[in-house]
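Colleague: I would like a close look at one part of this model, and I would be glad of a single connected answer.

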Amino acid sequence: ILKHLSSSAETIIGDTFTWAKEYKLDHNTVVGAVKSLQVDEYVGASDLSSSFYTLSKEANDIVANGSQEILVLKVLVEAGEDGLSMKDLQSKVPKNVCKIGMGNCMKQKWAKKTGDKLVAIKAVEDVRDENQQALMHLQKSNGNPDDVDGKVIAALKRRKLVSLVTIKSLQVSRGPAYAPTRVKKAADLTKEMLDSGSWKTTTFKPYNFLTLGEKVGGGYLHPLLKVRAEFRKILMQMGFDEMPTNKWVESSFWNFDSLFQPQSHPARDAHDTFFIKEPASTVSVPEDYYERVKTMHEIGGSGSIGYRYNFKKEEAFKNLLRTHTTAVSSQMLYQLANQEGGFKPKKYFSIDRVFRNETMDATHLCEFHQVEGLVADYDLSLGDLIGTIETFFKKIGIEKIRFKPAFNPYTEPSMEIFGYHPDLKQWTEIGNSGMFRPEMLAPMGLPPNVRVIAWGLSLERPTMIKYRIKNIRDLFGHKVDLARTRTAPICRFDSIE
């Protein structure tokens, strides 16, 4: 392109389409090169548009051999006055030619039907092959639309013999920075240029010091994280300390056995719990505590007869993805009972991820977040548990809550907590609660009159109620709309007095 323009300042490329044809170049490649040169002002370019007709394969056959109606007429004329039946006609001309040609012969009254025969009523020399002549004329004029009558073009288009093609091309001339050879401009000033002094002769791309850089989008908190932060603040205001829950893999001992959950419990089956293949077993647990837990399961104590079965160490040492953060609560209570100076009342909470092998639906996931709170103190009662739960839920703006008696292996009494979802217009289970059983607390070494009240709820369900989300899979998982994270409002709970 630059070489072509080098002959004189007035030299131009009138049309890149015809120029590309002349030099046997791909037109799209030529246009791309022109636009690249235009960026560095080597050339100037203006848009052109040209239209022309192209002939179809059928049209090229007509130019070479004549139209279908002429071919059919020739055969009928050769047959004479007797004419030809449809079967005989199809044996002399191709089927597609026969179908189109026969119809056009009848339409132009070049032939007639006599019984089952088609007979010519015009001689070949008495008719004019207008389609062939129009196509030949169009071909000679390189498809120029202005060289053929509009009605003729319309007839050819109806028969799909021609199609209009519009070509976008460019007219190219020298630009302000024209040079016969392109020199690539440097984008950066490098150390090597400064060392060698080549920066003095190097052509640099122009810098726009006033332009703004690309906008950097800040991070957005997921709705779950917004609710989590608000829950943490509320629980800390209520005097709770956060438990360390950064370990997702736990042993069955801490997840189940220390909670006085029997080794035959259905929740410990593979269809309810995700067990770890490698490493399959934990290394150790506190030996003296292990023996006391084993005794409680096998024989009982603190007024209980236990479960009366053979407690298996290999079952207790199995690793798994924790099914609840109560696995951490049991460790914290054990530390509380065995700390220097003895037991002191404490409030703990945690908000972290747990895993259960559940069937997913609108309100259940196999991976979700659990909010758990516990209070360990002397002579606590069920009234303390209900009061603490009601205080917490009122602080997060859920006023309509109900309690339903339930069974848990490690709490007695136990209660399910239900919250009213205003959009689903139904009561949704949002948590579980109870008082830890003496069979769980006694092996830890806690004083006999210490009671522990606890509750747990999923983080997802209160978030669904807060953000009016009907399907939990729209909140957490691979189907989540990322735009929701950017547009979700700040989470703020107005406490109910």
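Which residues lie nearest the centre of the second largest pocket, and how many residues line that pocket?

Modeller: This is a predicted model, in which local features need pLDDT of at least 70 and side-chain atom pairs count only at pLDDT 80 or more, while totals for chains, interfaces and linings use all residues. Residues are numbered from 1 along each chain as its sequence is written, and side-chain values use heavy atoms, with hydrogens and water left out.

The second largest pocket is lined by 17 residues, and Glu69, Gln108, Asn131, Ala155 and Arg159 are those nearest its centre. On a 1 Å grid over the protein atoms alone, a pocket is an open set of points where a 1.4 Å probe fits, with protein on both sides within 12 Å along at least five of seven lines, and lining residues have an atom within 4 Å of a point. The volume of the second largest pocket is about 420 Å³, a volume being the space filled by probe spheres set on the points, which are joined across faces, edges and corners.

Helix 5 (68-79), helix 7 (95-107), helix 8 (130-140) and helix 9 (150-158) each give at least two residues to this lining, and helix 9 has the largest share, with four; helices here are DSSP runs (H or I, at least four residues), numbered from the N terminus. By class, the lining holds eight charged, five nonpolar and four polar residues, where Asp, Glu, Lys and Arg count as charged, Ala, Val, Leu, Ile, Met, Phe, Trp, Tyr, Cys and Pro as nonpolar, and the others, Gly among them, as polar.
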